[in-house]
Amino acid sequence: MSNTPMAASPLTRAVLEIDEYVSGLGWDQPARLFALVDTARLRAQEPGLAAQLGLEDEQATTGLTPIEQEEIPAGKPLDEFLGTIAWPDPVVGCALTVERLMLPPSAEASVPEGLSDKKLTQWVAKHPDRQEVRMTVAVLRDGTRDSALRLREKDSPTEVLTGDALVPGLAEALSATFED
């Protein structure tokens, strides 16, 4: 990908590649799930698929290839959906991209107590300091994780924040998809 730093780890490169792909689809998108497979293994074991993905001429011997999965069922809570996933052995990791509203830490003190999840969501949606954010979180079977965050108001490849601890709850939920 053109905006992906070559010095970054393979997982960071995969996260940024997914972020760039989803960014090209625009905002207000459903959550998207990706399997991460070892690129060299994919080329060796599935040359036809590698050719379809444009990987047959790639020189890198290390790397991860994201493969988008079927659409996440609408109306099913994300945590429930993730609880139904089991990955086959060739999948070395997975990634999820999801859009959410977030508030700055300064808004925590003003959250009304006793709101249901639905009412809290409505309250956040009306808050003047809310921000729309797209989160791409990826984990590997060995526990390695990385994330990318993109604010809608700063929607630019140069304004993407990356780090391994940005969305710990989602990373934990994705890691659980690899547990037996």
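Predicted model: local features only at pLDDT ≥ 70, side-chain atom pairs only at ≥ 80, totals over all residues.
1. Start with the layout. The protein chain has six helices and six strands. If you walk along the sequence, they come in the pattern α-β-α-α-β-α-β-α-β-β-β-α.

2. Next, the overall dimensions. A compact globule of 180 residues would have a radius of gyration near 16 Å, and the protein chain, at 17 Å, agrees with that. Its C-alpha atoms fill a box of roughly 55 × 35 × 25 Å along the principal axes.

3. Buried residues account for 37% of the 180 in the chain.

4. The accessible surface is about 10500 Å², with 51% of it belonging to carbon and sulfur atoms. As for charges, there are 16 positive and 30 negative ones, and their mean positions sit 5 Å apart.

5. Helix α6, residues 168–175, is worth a look. Its buried residues are Leu 170, Ala 171, Leu 174 and Ser 175. They span an arc of only 140 degrees around the axis, so they lie on the same side of α6. Their cover includes the strands β1 (32–38), β3 (91–102), β4 (131–140) and β5 (145–151), along with helix α4 (78–82).

6. Finally, find Asp 19 in helix α1, which runs over residues 10–23. Is Asp 19 buried or exposed? With a relative accessible area of 2%, Asp 19 is buried. Leaving aside residues up to four places away in sequence, Asp 19 touches Arg 134, Thr 136, Ala 148, Arg 150 and Val 160.

How values were computed: Residues numbered from 1 in each chain as written. Heavy atoms only, no water. Buried < 20%, exposed > 50% of the residue type's maximum accessible area, 1.4 Å probe, protein only. Helix = DSSP H or I, 4+ residues; strand = E, 2+ residues; numbered from the N terminus. Arc of directions from axis to C-beta. Contact = heavy atoms within 4.5 Å. Rg over C-alpha atoms; globule rule 2.2 N^0.38 Å. Areas by Shrake-Rupley, 256 points an atom, 1.4 Å probe, with all protein chains shown as cover. Lys, Arg positive; Asp, Glu negative; His and termini not counted. Charge placed at Lys NZ, Arg CZ, Asp CG, Glu CD.
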